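Have the model open as you read.

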Amino acid sequence: MKKPLNKTAASFAVLALLVVVLLLSNSLRQSPRVVLPDADAGAEDPFGSSSGATDGIQEIQIAPDTVQAAIATIQRPDNYARAIMTETLWGEDDSSTWEISTAVSGEWVRTDASLPNDRVRHAITNGETTYVWYDSEKRVYSGPAGEISGDDEQHIPTYEDILELPVESIAQADYRTFSDVDCIYVETAEDELGYVQRYWVSVELGLLVGSETLQNGETVYRMASMTVDSTLPETADFTLPDGTVLHTPD
């Protein structure tokens with residue numbers, strides 16, 4: 001009778017040990033979060049006392065071979081409004097600047113772009129049909145959107161372009177800040193024409209907030225998101241000059 005009792009006691013001891021290990025493991029496990037290191041900060045406190053982490057997102061290490069998978073998980077908001085500025089440079093004293101207000105409601109995108117010639121170009125598109133008019137004119141040009149997307153109407157690249165890059169063309173990828181916004185940063189290797197592309201994608205907003213194009217080390221294009229409202233304002237207008245309402249935001 002003595003051996004069975006020893007075996008039984010040993011079995012209970014092993015089981016108790018496993019329960020203790022599991023309890024300790026659960027108590028030490030951290031909740032899911034993403035830590036976005038600042039390139040200029042130290043390893044112990046990447047953000048400093050004023051910055052934190054985004055709850056509910058698993059930590060993803062960003063590198064040239066993993067950045068596309070990370071960006072593929074980001075989603076843009078369905079509704080938002082923002083102001084952006086783009087600048088195209090052809091030389092030291094020759095450039096073109098666009099100031100663009102954008103309103104997005106689902107598939108509908110409206111842009112109001114202040115052009116270098118002091119004209120304002122208005123456009124509304126749903127990806128199928130695009131409507132364009134200038135200044136306060138009543139005449140509206142319309143036609144198939146074709147391959148001209150809402151991003152093209154904003155005169156900006158898009159982070160979806162990053163997903164189409166060959167992995168070997170990505171020279172650098174990490175976490176950085178752009179105008180105090182935590183971003184995924186991507187930089188391409190110089191191509192055969194001397195071009196380098198740079199992208200800053202907000203991990204919170206799911207939007208491209210900055211971009212640059214360099215040729216032979218000189219900046220030839222840059223874009224910056226000046227303001228972003230993650231909720232579409234009630235003043236968002238998808239109406240043509242003749243009063244035709246193309247879309248009513250939810």
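Start at the hairpin made by S11 and S12, where five residues sit between the two strands and Gly206 in the turn has a positive phi of about 70°. This is a predicted model, so keep that in mind as we go. S11 covers residues 195-202 and runs antiparallel to S12, with seven bridges joining them.

Now, is S12 mostly buried or exposed? Seven of its eight residues are buried, so the rest of the structure largely encloses S12.

Most residues other than glycine have a negative phi. Asn216, in the loop between S12 (208-215) and S13 (218-229), has a positive phi near 50°. Asn216 counts as exposed because its relative accessibility is 56%, and the cut-off is over 50%.

Elsewhere, Asp118 also has a positive phi, near 65°. Look for Asp118 in the loop between strand S5 (108-114) and strand S6 (120-125). With 73% relative accessibility, Asp118 counts as exposed.

Finally, go back to S13 and find Glu218. This residue is exposed, at 55% relative accessibility, and together with Glu92, Asp93 and Asp94 it forms a negative surface patch.

Methods
Residues numbered from 1 in each chain as written. Predicted model: local features only at pLDDT ≥ 70, side-chain atom pairs only at ≥ 80, totals over all residues. Heavy atoms only, no water. Helix = DSSP H or I, 4+ residues; strand = E, 2+ residues; numbered from the N terminus. Buried < 20%, exposed > 50% of the residue type's maximum accessible area, 1.4 Å probe, protein only. Patch = residues over 30% accessible without salt bridge, like charges linked within 9 Å, V, L, I, M, F, W, Y side chains within 5 Å. Areas by Shrake-Rupley, 256 points an atom, 1.4 Å probe, with all protein chains shown as cover. Salt bridge = Lys/Arg side-chain N within 4 Å of Asp/Glu carboxyl O. Lys, Arg positive; Asp, Glu negative; His and termini not counted. Charge placed at Lys NZ, Arg CZ, Asp CG, Glu CD. Pairing = 2+ DSSP bridges.
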